[in-house]
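Dear colleague,

Please find below the structure that I am handing over to you. My notes on what was found in it follow directly after.

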Amino acid sequence: MTGQNKKIIAFCCAESAYRAADRAGRLGIHYPDNVRVIRVPCAGRVSVLHILKAFEKGAAGVLVMGCQEGACRHLTGNIRAKERAKYAEDLLKEVGINGQRVKVVNFGPDMAQKFAREIEEMVEKIKEE
Amino acid sequence: MPVKIGLFLCDCGGSLRNIDFPKIRENLAKLEDIAFVKISHNLCLEEGEKAIASRILGENVIRVVIAACSPELCEDKFMRLLEGLGLNPNLLSIANIREQCSWAHERDVTKKALELIRMAVNKARLLQAVERGEVPVNKEVLVVGGGFSGVKSALELSQLGIRTTIVERESALGGKLRELGGFYGVETSPKEMLGSMIKAIEEDKNIEVLTSAEVARVQGGAGDFTVRIRKGGKESSRSFGAIIFATGYRTEILPQDFEVEPGGNIISQQKLVQMLQAPKKSERRPETIGFALDFSDENCRLPTLSTLNNALLVKEKLGSEVYVFCKNLKVDSEGAEKLYQEARDRGVVFLKFEKPPQIYGENGQVKVEAKDVLLGEEVTLLCDLLVAEEKTLPSEGTESLSSMLNLEIDSRGFYQAENIHLYPVASERKGIYFVGNCRGDLDLARASTDVSSAVMNIYEFLSPEGAIVEVEKVKADPQKCRACLTCIRICPHKAIQLVRVDSEKWVAKIYDLACDRCGICAAICPAKAIKFEGYSDEQILAEVEAIGEGL
Amino acid sequence: MAKPFRETLKTKDFIVTAEAGPGKGSNTEKLTEHIELLKDKVDGLNVTDNQSAVMRYPSLGTCLLIKEHGGEPILQITCRDRNRLAIQADLLFAYSRGINNVLCLTGDAIDTGDHKEAKPVFDLDSVQLIHLVHTLNSGKDMVGNELDGGVDFCIGASATPSADPIEPQLMKFQKKLDAGVDFIQTQAVYDMDELKRFMENFHKMDHIEGVKILAGIVPIWGAKMASYMNESVPGIYVPQYLIDEIDQAPKGTKAAKGIEMAGRLVRQVKEEGICDGVHVMAIGREERVPAILEAAGI
Amino acid sequence: MVIAERKPLGEIRNMLAGYKRILVVGCGTCVTICWAGGEKEVGILSSQLRLASSKDGNELSIIEAVVERQCEKEMVEELRDKVQEVDAILSMGCGVGVQTIADIFEEKPIFPALNTTFIGMPEAEGLWTEKCGACGDCLLYWTGGICPVVRCAKGLLNGPCGGTRKGGKCEIDPEKDCAWVLIYRRLERQGRLDLMRKYYEPKNYRAVKRPGKVQAMQA
C-alpha cells in the first residue's frame with residue numbers, strides 16, 4: 001500500500017512553514033504536487049501517532065515543518081517535534097520502512113524557496129525505493 | 001440525521017484556470033452529507049459574502065467548508081461572517097486551493113484540489129462548537145519591586161482604576177533612585193522625583209505598599225495568581241490577576257580587571273555621588289578624577305549615563321580635571337548625546353582606547369596607561385581618584401524568582417522577554433510582565449515606555465473583553481486523565497495545574513486564559529485525554545484519511 | 001608439611017602470602033606447577049573463588065591440591081555464588097579435609113564476569129559470613145543446631161585502603177573487626193602514604209588485638225593492563241605515576257620492571273614496618289612471585 | 001508505581017505469527033503514566049503492526065481498546081464482546097494485567113507487548129528509576145530512606161563492598177552512585193551514623209512466601 005500513490009504529508013506550523021508555503025505560491029515557485037499540507041498551530045502539536053497513521057494511510061513520506069529553533073512562539077514546540085521524529089524514525093525502522101521518510105525541517109515564514117526544495121528532496125527520496 | 005455541510009468553492013474571479021470546478025462540484029455533490037456545492041468568483045468581496053449568507057440561511061447547514069485562498073487571509077473574515085449568521089465560528093473548515101494548489105503547480109491540479117477539499121470536508125464533519133465566555137479574573141495587580149519602574153507602574157495602573165500592591169524587599173521604596181546622583185538634563189533630581197512619587201503613592205488609596213516584604217510562592221495562572229507574601233516572618237496569601245516584575249538591577253565592580261585592589265582611590269559611582277553630596281571636610285579635594293568605561297561589557301548604557309552625569313556633577317561641584325577612558329561611548333539613551341556635548345564643553349577629556357588600559361597604584365594615586373586611538377600613542381595619566389567600571393547585573397533573587405515561576409532568563413541572567421521585538425515586556429506566561437532594568441539595562445526613558453506598555457497590556461487583559469476566551473478549546477477529559485503530570489511539566493506557558501475534581505480525584509486542568517493554544521500537551525498525553533478542538537487527533541487523522549481516498 | 005597459618009600469624013614477624021588462581025577447565029597441571037613453585041616460599045597460599053565472577057576450577061578443589069602437596073591453603077569464599085546452606089556445607093567439608101584458613105569475601109558482581117545473565121545470590125555479605133564462621137567454630141550451625149563434629153577456622157577478611165570516600169569503608173572494616181578476624185589481606189595498594197593513613201586509622205579502631213594486616217600487592221606488567229584494571233577490576237586504583245613508570249620501560253623489559261616495582265613496594269612495607277606482611281596477587285603470573293620476593297629481599 | 005517498557009516489534013510479531021485478528025488492549029493506570037501501554041501507545045503499536053503486515057502482504061485486522069485498570073476482573077470483563085471477534089489478545093498492561101486477562105478469557109491465547117521492569121518513580125521527563133524491590137521486610141528506617149536491597153548492585157545489608165569506584169560510584173557502573181555511599185552521606189547529615197555502624201543479621205528473604213499473598217482484615 002505504501003509508496004504506491006506516492007503522497008507526501010507535510011504537517012506545517014501555522015506560524016512559519018504554512019506561511020512559507022503560501023509565499024511559494026504567491027511568488028510562483030512551483031514544487032511537486034503530490035504533497036498534502038495539514039495546518040497545525042505548532043510543530044509541537046504533531047504526535048508520533050499522527051506520523052505513523054500518515055504512513056498507514058498510504059503516505060510515502062512525512063515532513064514536520066516548524067519554526068527555527070529558538071524562534072518558536074511556544075519555546076519548545078520545534079524541539080519536541082525533532083525528538084518525536086527521531087522516535088517515529090525508530091518505530092518505522094522496526095517496521096522495515098526507511099527512517100529517512102520522516103524529516104523535521106525548520107522554517108522562517110518567508111522561506112518560500114526552502115519549502116519548495118524540501119518537497120523536491122523528499123519526492124526524490126521516496127522515488128529511490 | 002447526517003451532518004449537513006455547506007460547501008463553497010471560490011475560483012478567485014476565474015483566475016484559477018488549472019482547476020475544473022464543475023468537475024469538483026459534480027464529484028462532491030454526490031456525498032449525502034453535502035447540502036450544496038456553490039461555485040462563486042469572489043467570496044472575499046461583499047457580493048460573495050451575501051451569497052454565502054443567503055445559501056446558509058436558506059438551508060439548515062451546520063458545518064461550512066470554504067475552498068478558497070489561504071486561511072491566513074480569509075479565516076477571520078469568514079468566522080465573523082458565520083458568527084453574524086448565528087453559526088458557531090469554529091464549525092468552519094477551509095481548503096487552501098489557491099496559494100498551495102492552483103498557484104503552486106502549473107499543470108491541471110483538479111485532482112489535488114478535490115483531495116484538499118475532501119480533507120477539509122472530513123475535518124468539518126468532526127468539528128464541534130466552541131463557545132466564547134468570560135473567565136472570572138481578579139482585577140488586582142501585584143508589583144514586585146519598589147524602584148522607579150515599580151512605583152510608576154502602580155501609579156499609572158491606579159489612574160486606570162486598577163488596585164495594586166507593591167512588594168519591596170528593602171525597608172523603603174526608591175531602589176536605585178536613592179543612589180543615583182542626578183539625571184542631568186532632567187530638572188528634578190532623583191531625590192525630588194522619589195519624594196513626589198512617594199507622596200502620590202501615599203495619597204492614592206488604590207495602592208498598598210508592603211516594604212521589607214518578599215514573594216515566597218506563586219501558584220495559579222493568568223487572571224488568578226495566588227501569591228504568598230512573606231513580611232516580618234509571617235506569610236500571608238493574596239490573589240492577583242496579573243504580576244509586574246520591576247526588580248531592577250545591581251552594579252558590581254569587576255575586581256579582576258584591575259591589578260590594584262578596588263577601594264582606597266578606586267571607587268564606585270555610588271561612592272563618588274555620596275562624596276559629592278556630603279563632602280567630608282577632612283578629605284582633600286581630588287585634583288584629577290578618572291572614569292573607566294566599557295572594559296569588558298558592551299551593554300553599558302547605564303554606566304555611560306551615570307559616568308556622564310557624575311562627570312558633569314564633579315565639574316560643577318569640584319571643578320577638578322576629569323578624564324573618561326572608554327572604548328566607544330554609547331550615547332543612544334534619551335538625552336545622552338546632549339549630555340556628552342555638555343561634558344565636552346565643560347572640559348571633560350574623553351580618551352578612546354582599543355585594549356583596556358593598565359591601572360597601577362602609585363604612592364596614593366592611580367596611574368592609568370592606555371594607547372589612545374586618536375593620538376595614536378601611549379598615554380599615561382595620574383589621577384587622585386578612579387571611578388571604576390561597573391557591570392550591570394540582575395538584582396539578587398532574579399534567579400530564584402524565575403525558577404519558582406518557571407520563567408526564562410537570558411544568558412546574562414536578566415528576565416527573557418517573550419519576543420524581544422514584538423512583546424518586549426511580556427513573559428512567555430500570560431499575565432506576567434517585566435518592566436525596567438530587570439530585563440536588561442535601560443535608561444529612564446526606556447523604563448518609562450516599558451511601564452506604559454505593560455500597564456496598557458494589563459488594562460486590556462483585565463478589562464471585560466480581555467477575559468473573553470474560547471472556553472475549553474483545549475480540555476483535559478477528567479475521566480481519562482491519569483494525573484501523570486506530563487502535560488503540567490512540559491507546558492511552555494505553565495497553563496496547566498492539578499486540581500481536585502468533585503473533591504477527591506486529582507486531574508489536570510488547562511487554564512483557558514493562560515493557554516496559548518499550541519497543542520504540545522495534546523500530542524504528548526499518554527492517555528490521549530487532552531482534546532484540542534479544531535486540531536484534535538480525530539480531526540487531524542480525518543484529514544490524513546482523505547489522502548487515501550483519491551478520486 | 002607447612003606450618004598451620006594460625007601459628008605463623010602468631011610467631012612470624014613478616015608474613016608473606018600469595019594467590020593461586022585456578023584456570024578454566026579440569027586440567028590442573030599448570031596449577032600444580034604454581035603450587036609446587038610457591039608452597040615453600042610463602043606462609044599461606046590463597047585460592048580465588050571464581051575471581052571477577054569468571055567461572056573457573058573451584059577454590060575448594062585447589063585447596064585440596066595444595067594440602068596434597070604439603071602447602072598451607074587459604075580458602076577464599078564469596079557470597080555471590082552460594083547461599084547460606086551451601087556455604088556452611090562447604091566449610092564443614094573443607095575443615096574435614098584439613099583446610100582451616102578461610103578468607104571471607106562479598107565477591108565481585110556478576111556483571112564484571114563472563115556469565116552476565118546468571119542469578120546473583122548474595123544471601124550473605126562478608127561481615128555476615130565472618131559471623132557465620134564464628135557460629136560454626138562454636139559448634140552450632142546458623143540456626144542453632146548442634147554440629148556432630150565442630151570446626152575451628154582461622155578467619156580472614158579484606159579491606160580497601162585506597163577507597164574514595166574512605167569513611168564508609170572504615171565503618172565496614174570496623175564491623176569486620178567487631179565480628180572478629182585473625183588476619184586482613186587488603187586490596188591492591190600502590191600509594192604508601194594512603195596505606196600509612198589506613199594503618200593509623202586501624203590502630204585507633206577497637207577489637208584489633210592480634211589482628212595481622214597483610215598489604216595486598218598486585219604487580220603491573222604494562223600501561224594498558226594497568227589502565228584496564230583501573231577501569232574494570234573492582235577495588236583497584238593504579239596511580240598515574242606508576243602507569244607512566246611501567247610505560248617508560250622499553251619493550252621486552254616490562255616483566256623485569258614489573259617485578260622490580262612490586263619488589264620495591266614489598267620492601268618498603270617490610271622495612272618501614274607499615275604492615276605485618278604482604279599478600280602478593282600475581283593474577284595469572286604466579287611464576288613471577290618468587291622473583292618479586294627476591295627483589296624485596298625476602 | 002509499576003514501570004514497564006515496550007517489547008521490540010520483531011519479538012511481538014513473532015508471537016503473533018499466524019493470528020489474523022488481534023485485540024490490542026492498553027491499560028489506563030501505571031503503564032499509561034510511564035508512557036508504555038496507554039491509549040497513545042496502543043495506537044502506535046497497532047499502527048506499526050498494520051504497517052508491517054501490509055508491507056509483507058498478509059492481512060491483519062486489529063481492534064484497539066483500553067481498560068481503565070487491567071488488574072481488575074470487572075474492568076477486564078468489559079472486553080468480552082471484542083474478545084469474541086479476535087483470534088488472540090495482545091495486552092499492553094503490566095504482567096498482572098496480562099495474567100488477569102488470561103485468567104478471564106482462558107480460551108484465547110494472550111501475549112504480553114510489554115516487559116514489566118520494576119517498581120519505581122520518574123527521575124526526569126521520560127526517565128524512571130527503580131526504588132523498591134517489594135522484598136516484604138522494609139528496612140528503610142535505618143538506611144535514611146535509601147533502599148540497599150534494590151539500589152546496591154549486590155543488595156548488601158552491611159555495605160559498601162570493596163569494589164566502590166573513585167567518587168563513591170558503583171563497582172558495576174561508573175555512572176551509578178554507590179547506594180551505601182548515598183546512605184552514609186544522608187545519615188551523616190542527619191547525625192545518625194550509628195545506624196550504619198550497627199551489624200545487621202542476614203536478611204529474611206522469605207518474609208513474603210512467594211508468590212506473595214496479603215489477606216487484609218475485613219474492613
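Residues are numbered from 1 along each chain as its sequence is written, while chains are lettered from A and ligands numbered from 1 in the order in which they are written. This is a predicted model, in which local features need pLDDT of at least 70 and side-chain atom pairs count only at pLDDT 80 or more, whereas totals for chains, interfaces and linings use all residues.

Confidence

The predictor assigns the complex an ipTM of 0.84 and a pTM of 0.85. The confidence of each residue is expressed as pLDDT, on a scale from 0 to 100. For chain D the average pLDDT is 95, and 100% of the residues score at least 70. For chain A the average is 91, with 95% of the residues at 70 or above. Within chain A, the element with the lowest mean pLDDT is helix 4 (residues 112-128), at 92, and the one with the highest is strand 2, at 96. Helices (H or I, at least four residues) and strands (E, at least two) are DSSP runs, numbered from the N terminus.

Contacts between chains

Two residues are taken to be in contact if their C-beta atoms, placed from the backbone, lie within 7 Å. Of the four pairs of chains that touch, chains A and B have the most contacts. There, 36 residues of chain A meet 33 residues of chain B. On the chain A side, at least two residues each come from strand 1 (7-13), helix 1 (17-26), strand 2 (35-40), helix 2 (48-56) and helix 3 (77-95). Helix 1 of chain A gives the most, with six residues. By type, this side of chain A comprises 14 nonpolar, 11 polar and 11 charged residues. In this count Ala, Val, Leu, Ile, Met, Phe, Trp, Tyr, Cys and Pro are nonpolar, Asp, Glu, Lys and Arg are charged, and the others, Gly among them, are polar.

Chain B is also in contact with chain D, through seven residues of chain B and 10 residues of chain D. Helix 2 (30-33) and helix 3 (39-56) of chain D are the elements that give two or more residues to this side, and helix 3 of chain D gives the most, with three. The chain D residues here are two nonpolar, four polar and four charged.

Chain C does not touch chain A, the nearest C-alpha atoms of the two being 26 Å apart. Nor does any contact join chain B and chain C, whose closest C-alpha atoms lie 32 Å apart.

A helix pair in chain C

The axes of helix 2 (residues 29-38) and helix 3 (residues 59-68) of chain C come within 10 Å and cross at roughly 50°. Axes are lines fitted to C-alpha atoms, for helices over the stretch in contact, and angles run from 0 to 180 degrees between N-to-C directions. The two helices of chain C are therefore oblique to each other; angles under 35 degrees count as roughly parallel, over 145 as roughly antiparallel, 65 to 115 as roughly perpendicular and the rest as oblique. Their crossing is right-handed. Helix 2 of chain C contributes Leu31(C), Thr32(C) and Ile35(C) to the contact, and helix 3 of chain C contributes Thr62(C), Leu65(C) and Ile66(C).

Yours sincerely

Terms used. A crossing is left-handed if the near helix is turned anticlockwise from the far one by less than a right angle, and right-handed if clockwise. pLDDT is the predictor's confidence in each residue, from 0 to 100.
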